[in-house]
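Subject: Structure handover

Hi,

Here is the structure you asked for. Please open it and keep it beside you while you read my notes.

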Amino acid sequence: TASVSGRITDNNGIGLAKVRVSLTNPNGETISINTNPFGYYNFEGVEVGQNYTLQADSKRFQFQNNPRIISVSEELQNEDFIVQMF
């Protein structure tokens, strides 16, 4: 297994707390966590050799490149999301 981690920030690089981040496997099973006070999240025990959908959800913000498909073959870090400006 591996971990998938990253950070959610605004355009100024300030971490956003309590943003819901979801990881969905090919069978449609989803696990969700919230970012910590500094905007970081970390999924542990992710099965390698699969593609997952990674998505950040917030009532206040929309994010660039969201959702996205990731292929997990090893530890994935810096799977970051940045607030999308309109």
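The charged end of Arg68 sits over the ring of Phe81, 3.9 Å from the ring centre. (A charge sits over a ring if NZ of Lys or CZ of Arg is within 6 Å of the ring centre and within 35 degrees of the ring normal.) This is a predicted model: local features need pLDDT of at least 70, side-chain atom pairs count only at pLDDT 80 or more, and totals for chains, interfaces and linings use all residues. Residues are numbered from 1 along each chain as its sequence is written, and side-chain values use heavy atoms, with hydrogens and water left out.

Arg68 again: the salt bridge

A search of the whole structure finds one salt bridge. The term means a side-chain nitrogen of Lys or Arg within 4 Å of a carboxyl oxygen of Asp or Glu. Arg68 makes it with Glu79, and the closest N and O atoms are 3.0 Å apart. The pair links distant parts of the chain. Arg68 is in strand β6, while Glu79 is in the loop between β6 and β7, 11 residues apart. (Strands are DSSP runs of E, at least two residues; helices are runs of H or I, at least four; both are numbered from the N terminus.) Are Arg68 and Glu79 buried or exposed? Both are buried. Buried means under 20% relative accessible area, exposed means over 50%, and partly exposed is in between (1.4 Å probe, protein chains only).

Aromatic pairs

How many aromatic pairs does the structure hold? There are two. Rings of Phe, Tyr and Trp (its six-membered ring) pair if their centres lie within 6.5 Å; planes under 30 degrees apart count as stacked, over 60 as edge-to-face, and the rest as tilted.

- Tyr41 and Phe43: the ring centres are 5.9 Å apart and the planes are at 65 degrees, so this pair is edge-to-face. Tyr41 is buried, at 4% relative accessible area. Phe43 is buried too, at 2%.
- Phe63 and Phe81: the centres are 6.4 Å apart and the planes are at 65 degrees, so this pair is also edge-to-face. Phe63 lies in the loop between β5 (50-57) and β6 (68-72), and Phe81 in strand β7 (residues 81-82), so the pair ties together parts 18 residues apart in sequence. Both residues are buried.

The sheets

Strands of a sheet pair through backbone hydrogen bonds, either parallel or antiparallel. Here, two strands pair if DSSP finds at least two bridges between them.

Ser22 has Gln55 as its bridge partner in β5.

Another open sheet has three strands, in the order β4-β1-β7, and its pairing is mixed. The edge strands are β4 (40-46) and β7, and each pairs on one side only. Strand β1 (residues 2-9) and β4 pair in the antiparallel sense over five bridges. Val4 stands opposite Phe43 in β4.

Asn25 lies in the loop between β2 and β3. At 18% relative accessibility, Asn25 counts as buried.

Best wishes
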